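Thanks for sending this one over for a second look. Here are my notes on the fold, written to be read beside the model.

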Amino acid sequence: MPDCVKSGMRAFAPSLTRRSLLRDMAALAFGAMSPVSFAQHGGLGLVTPPVRVDDAWVVDQTGRKRLLNELLRQRITALQTIYTGCGTICPLQGTLFSAVQQRIPAIGGGHPVQLLSVGIDPLSDSPSALRAWLARFQAGPAWHAATPALADVDRMRLALSGSKQPLGDIADHSTQVYCFDANAMLRWRSADLPRVDDICDVLGALART
């Protein structure tokens, strides 16, 4: 494991102030990133200033049509992008969120924590496909999935990544995790396929602010 990764893996002390919590979020993220990952994205680590992703209608796994920001508000959210027909990297992303899900009860704070998997293939990521994908990873009530309209997919992917580079095929989609505060503001972007500890530390920091 690279020394830069080891140096970034630090736990958050419950007694830290809001400012120091956010400072540690930034240190954790930038310490864990690799030069290759950094070159592939618009920015990693703490998002300063926080960003509100343009709202869009999404359809969740129950078939309900909802606004993205409605899903995000009043909860601390870790969001990933996937597509249900993926047989390569997406199963790793599902396994990652499954591990994070097991640790959600231990994350304290003033707001509930949730996981959100966003389907980026609207032609295939139907509510039934999302339900099957969630069931594959034993998703509980704190893990949801939703798919935006085809016209909104690329705009959402660019906003999440912070990149101004043209998007590739969905098979090459980002495996980053994006963390939002309870005001639906994007506060942190991970490196590709981050560690479970990193995600949980950031969620805990946001839940305590």
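The points below go from the sheet as a whole to its strands and helices.

1. A word on the basis first: this is a predicted model, in which local features need pLDDT of at least 70 and side-chain atom pairs count only at pLDDT 80 or more, while totals for chains, interfaces and linings use all residues. Residues are numbered from 1 along each chain as its sequence is written, and side-chain values use heavy atoms, with hydrogens and water left out.

2. The sheet is open and mixed, with eight strands in the order S1-S8-S7-S4-S5-S6-S2-S3. Strands here are DSSP runs (E, at least two residues), as helices are (H or I, at least four), numbered from the N terminus; two strands pair if DSSP finds at least two bridges between them. From one strand to the next, the twist averages 30°. Axes are lines fitted to C-alpha atoms, for helices over the stretch in contact, and angles run from 0 to 180 degrees between N-to-C directions.

3. Have a look at S4 (residues 76–82) and S5 (residues 113–119), which run parallel and are joined by seven bridges.

4. H6 (residues 127–136) touches S2 (57–60), S4, S5 and S6 (143–148), and its direction makes about 150° with that of S6; contact means heavy atoms within 4.5 Å. H7 (residues 150–161) touches S2, S4, S5, S6, S7 (178–180) and S8 (186–189), and makes about 75° with S8.

5. Which residues of H7 are buried? They are Asp152, Val153, Met156, Arg157, Leu160 and Ser161, where buried means under 20% relative accessible area, exposed over 50% and partly exposed in between (1.4 Å probe, protein chains only). These residues lie on the same side of H7 because they cover an arc of only 150° around the axis, the arc being that of the directions from the helix axis to the C-beta atoms. After H7 comes Gly162, with a positive phi near 75°.

6. Val58 and Asp60 make up its covered face, Trp57 and Val59 its uncovered one. S2 runs antiparallel to S3, with three bridges, and Val58 has Arg66 as its bridge partner there. Four residues separate S2 and S3 in a hairpin, and Gly63 in the turn has a positive phi of about 95°. S2 also pairs with S6, antiparallel over three bridges, where Val58 stands opposite Pro148.
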